[in-house]
Amino acid sequence: MTQKSMMMSERAFFVTTPIYYISGNPHMGHAYTSIAADVLNRFHRTRGASFFLTGTDEHGQKVAQAAAAAGLDPQAWTDRLIPKWKELLARFDVRYDDFIRTTEPRHKSQVVEVFERLKASGDVYLGKYEGWYCTNDETFWLESKLIDGRCPNAECGREVQWLSEDNWFFALSKYQARLLAYFRENPNFVRPERAYNEMVATLEGGLEDLCISRVNLDWGVPLPGGGVMYVWLDALLNYITALDYASDGERFRTYWPANVQLVGKEIARFHTIIWPAVLWALGLPAPGLVFAHGWMTLQGEKMSKSRGNVIDPFEMADRFGPDSVRYFLLREAPFGSDFSFSVEKVRLRRNGDLGNDLGNLLRRSLAMLVKYRSGRVPEPGLGATGAAFIALPTRVGEALQILGFRDALEAIWELVAALNRVIDEKRPWDLHKGKADAALDDVLYELCEGLRWLAILLWPFMPAKATEIWQQLGFEGEPLVPWDAELVWGRLAAHTLVKPAEFPLFPRLDADVVEPAQI
Ligand code: MSP
């Protein structure tokens, strides 16, 4: 490796979303994780190489049952749904680098290769499985864990079935001590803390070997000798098959281990216990951080297809614009917490934070620049905002490193508020009337430079609107620029000609109060 490529790979960042079950159309909850991953990826893009992987989990009973209910074979069913899932990402400006489907040959061949490697190393062995199986959760449960004879997952509670089969097992129990030690040595491996503590408690409770094949199901990756791979192991492997793990490809060498794997909290156990053990069995390192985010709820319950309480993300994007929805989702609650979704709350944020605070700041600032200085940025002046916000990029960056999206946005809004205060307190129209030219130049420069900072800082969160601000300030392209070089107060060149738009950035939306029909 050359010095340069070593430096590149040291900085390379890799973020993943879970791969989504394609048992129907996507809902708002699916958009949430993908948008968060997109923000992280865009932020890391401003610092160097970054890779964002997402995709769909197309095997297993859930998908097979949904396809059967629609009268289609599972492959035809998933092929038909895929465009809608990709359209969701495009609609919300989620710019992924790869989208993997577990039905793709590149994935399936590597799943078999992994199976062979694990068999060869002795981590996978043949045994007999008898136990209680929950079809909905695709999980075997210990009899002692069942609640009144039903699935113990509080989210599920469905009937379980007794199964008795010859199956392949992964020697998970062998990794219990190593997992516990790893958790203790790496308290930031699983965040937030609540998820970390739950996983440690699970580990302390003991681990059983994991049944990783299914003989009573044919919708999965076929294994040599019969049966298919357990859908959860098949799915987890996407994170390395997409990087061409089996052939030790360039992508794999550059990006593994993942820096951040985002998951909903209901699937933290698979990602923080089973997944690192499988990776270790393959001689690979565990990911840097698995973040178990909270649930979007509706009327107090998790939004989910099986409950039927889902919101259509396309309708939200049409009503509010994708960036307002992106902003709302990440501003409303800390990433690790549950939060309830409501259209009225989206509207309030859109009219308040975005319309009144940010949109008006842009409109007023540029209108004054046009009126008083023919739209040309004056020479940098003596305004105090730059000095007051010198640490802002570091604060935002540090918040994003630990997935504090809300903290990051709150910090950015301090700059928005400070610039609005500059207008209110310095009253540029009075300075103009009083012919205080130097003071007016100072204020106008400060506003334009502050807006340039905002375009750069907001680009990961609201790429389209940040780009509009950027272009209204007279720049080309999009504000994907290195923060350390560009977030230096005073970099905005004097005489730059701004190009204010005719329409507001976030036109006010009046309450029509109708909560959308649930899909
Ligand atoms: N296919 C598995 C994941 C395999 S990863 C190797 C799966 N799929 S899922 O479609 O049921 O859910 C995937 C993810 O969607 C969740 O982990 C979560 O990130 C997101 N969400 C689904 N509903 C959600 C909410 N109501 N709220 C927040 N996120 C939600 O599990």
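**Figure 1. Surroundings of Lys302.** Leaving aside neighbours within four places in sequence, Lys302 is in contact with Glu155, Glu266, Trp295, Met296, Thr297, Arg307 and Asn309 (contact: heavy atoms within 4.5 Å). Lys302 lies in strand β15, residues 301-302. Strands (E, at least two residues) and helices (H or I, at least four) are DSSP runs, numbered from the N terminus. Lys302 counts as buried because its relative accessibility is 18%. Buried means under 20% relative accessible area, exposed over 50%, and partly exposed in between, with a 1.4 Å probe and protein chains only. The model is predicted: local features need pLDDT of at least 70, side-chain atom pairs count only at pLDDT 80 or more, and totals for chains, interfaces and linings use all residues. Residues are numbered from 1 along each chain as its sequence is written, and side-chain values use heavy atoms, with hydrogens and water left out.

Figure 2. The ligand is surrounded by 24 residues. The closest are Ile19, Thr33, Asp57, Met296 and Met303. A residue belongs here if one of its heavy atoms lies within 4 Å of the molecule. By class, the shell has 13 nonpolar, 8 polar and 3 charged residues. Ala, Val, Leu, Ile, Met, Phe, Trp, Tyr, Cys and Pro count as nonpolar; Asp, Glu, Lys and Arg count as charged; the others, Gly among them, count as polar. Helix α2 gives the largest share of the shell, 4 residues. β2 (20-21), α2 and α8 (231-236) each supply at least two shell residues.

**Figure 3. Polar pairs at the ligand.** A ligand nitrogen is 2.7 Å from an N or O atom in the side chain of Asp57. A ligand nitrogen is also 3.4 Å from a polar backbone atom of Gly29. A ligand oxygen is 3.0 Å from an N or O atom in the side chain of Glu266. The protein covers 95% of the 660 Å² of accessible area that the ligand has on its own. Areas come from the Shrake-Rupley method with a 1.4 Å probe; for residues, only the protein chains shown count as cover.

**Figure 4. Nonpolar cores.** The largest nonpolar core has 107 residues. Such a core is a set of buried Ala, Val, Leu, Ile, Met, Phe, Trp, Tyr and Cys residues joined through side-chain atoms within 4.5 Å. Met28, Leu329, Phe341, Phe405, Trp413, Leu454 and Phe461 have the most contacts inside the largest core. The largest share of this core, 13 residues, comes from helix α19, residues 437-458. Beyond its neighbours within four places in sequence, Leu454 is in contact with Leu358, Leu361, Ile412, Leu415, Val416 and Leu419. A second, separate core of 65 residues includes Leu172, Ala235, Tyr255 and Val278.

**Figure 5. Thr46 in its loop.** Thr46 lies in the loop between α2 (28-45) and β3 (50-57). Thr46 counts as buried because its relative accessible area is 6%. Its side chain reaches the backbone oxygen of Phe43 at 2.5 Å. A polar contact is a pair of N or O atoms within 3.5 Å; within protein, one must be able to donate a hydrogen and the other to accept it, and residues adjacent in sequence count only if both atoms are side-chain atoms. Not counting residues up to four places away in sequence, Thr46 touches Trp459, Leu480, Val481, Pro482 and Trp483.

Figure 6. Most residues other than glycine have a negative phi, and most peptide bonds are trans. The bond from Arg191 to Pro192 is cis, with omega near -5°. Pro192 sits in the loop between β8 (190-191) and α7 (193-204). The bond from Trp256 to Pro257 is also cis, with omega near 0°. Pro257 is in the loop between α10 (250-255) and β12 (260-264). Ser374 has a positive phi, near 50°. Ser374 lies in the loop between α14 (343-373) and α15 (385-388). Ser374 is exposed because its relative accessible area is 61%. His495 has a positive phi, near 80°, and is found in the segment after α21 (483-486).

**Figure 7. Arg253 in helix α10.** Arg253 is in helix α10. Arg253 counts as partly exposed because its relative accessible area is 48%. A polar atom of the Arg253 side chain lies 3.1 Å from the backbone oxygen of Asp248. The C-alpha atoms of Arg253 and Gly336 are separated by 30 Å, with the two residues 83 apart along the chain.
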